[in-house]
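Dear colleague,

I am passing on the structure below, together with some notes on what was found in it. Please read them alongside the coordinates.

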Amino acid sequence: MPDPIRIQFVCLGNICRSPLAKVVFRDKVNDAGLEDHFDIVSSGTGNWHVDEKADDRMRKTAQRKGLSLEDHRASQFQAEDLETYDHIFVMDKSNLNDVLHLDEDDEYGGKVRLFREFDPEPDDYQVPDPYHGGREGFQNVYEIVDRTADMLLHRLVDEYDLAEYLEEHGSVEEQEHES
Ligand code: 4NP
């Protein structure tokens with residue numbers, strides 16, 4: 001098995017958007033039977049919430065969709081992550097500026113992209129920050145993240161030729177079906 005593809009999702013506080021992106025994307029990777037191929041984490045550019053649980057409203061939103069954020073603890077994005085991770089997907093343009101600011105020698109810009117570049121309905125290419133709003137904002141973030149994560153996984157399956165692996169091994173669901 002080759003090294004896993006290292007993915008980091010980044011927002012501001014790491015208690016709302018990027019934790020959700022992490023568990024939604026992981027769930028899709030698991031459903032496809034590709035969990036051994038990916039290492040998926042999240043962080044925030046700010047340090048205010050480090051070690052805290054995900055926002056209660058986001059935890060509830062995830063729970064309604066059958067996903068758990070209970071194990072999540074917030075962490076801060078570090079300059080070294082630019083080297084360690086293969087792909088860094090940021091939630092908005094402010095996150096993009098903050099992450100690129102840590103790339104002092106302009107080495108890693110090609111790894112850092114707006115997550116919503118993969119959204120089939122990208123609007124302004126940013127995942128709106130739901131922190132200061134109501135419950136609809138959290139639901140809206142879920143819908144954006146869910147459809148964008150689908151497309152992102154398709155693109156990575158193409159980029160890393162994982163379709164061949166899926167053909168040889170079948171998805172987890174197919175394997176379960178056969179046994
Ligand atoms: P997140 O949301 O970046 O999606 O985790 C926020 C969480 C906290 C704050 C801002 C955004 N804050 O200002 O504390």
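How are H1 and H5 oriented to each other? Before the answer, please keep in mind that this is a predicted model, in which local features need pLDDT of at least 70 and side-chain atom pairs count only at pLDDT 80 or more, while totals for chains, interfaces and linings use all residues. Residues are numbered from 1 along each chain as its sequence is written.

H1 and H5 are oblique to each other, a term used for angles that are not under 35 degrees (roughly parallel), over 145 (roughly antiparallel) or 65 to 115 (roughly perpendicular). The axes of H1 (residues 17-31) and H5 come within 9 Å and cross at roughly 45°, where axes are lines fitted to C-alpha atoms over the stretch in contact and angles run from 0 to 180 degrees between N-to-C directions. The crossing is right-handed, that is, the near helix is turned clockwise from the far one by less than a right angle. Among the residues that meet are Leu 20, Val 24 and Lys 28 in H1 and Val 145, Ala 149 and Asp 150 in H5, contact being counted when C-beta atoms, placed from the backbone, lie within 7 Å. This contact divides into eleven nonpolar, no polar and four charged residues, with Ala, Val, Leu, Ile, Met, Phe, Trp, Tyr, Cys and Pro as nonpolar, Asp, Glu, Lys and Arg as charged, and the others, Gly among them, as polar.

H2 (residues 56-64) also packs on H5 (residues 135-159), with axes that come within 10 Å and cross at roughly 50°, which makes H2 oblique to H5. Arg 57, Met 58 and Thr 61 of H2 make the contact with Arg 135, Phe 138, Gln 139 and Tyr 142 of H5.

The ligand is surrounded by residues including Cys 11, Asn 14, Arg 17, Trp 48, Asp 129 and Tyr 131, each with its C-beta atom, placed from the backbone, within 6 Å. The shell has six nonpolar, three polar and two charged residues.

Overall, the protein chain has seven helices and four strands, taken as DSSP runs (H or I, at least four residues; E, at least two) numbered from the N terminus.

Definitions and conventions
Two residues are in contact if their C-beta atoms, placed from the backbone, lie within 7 Å.
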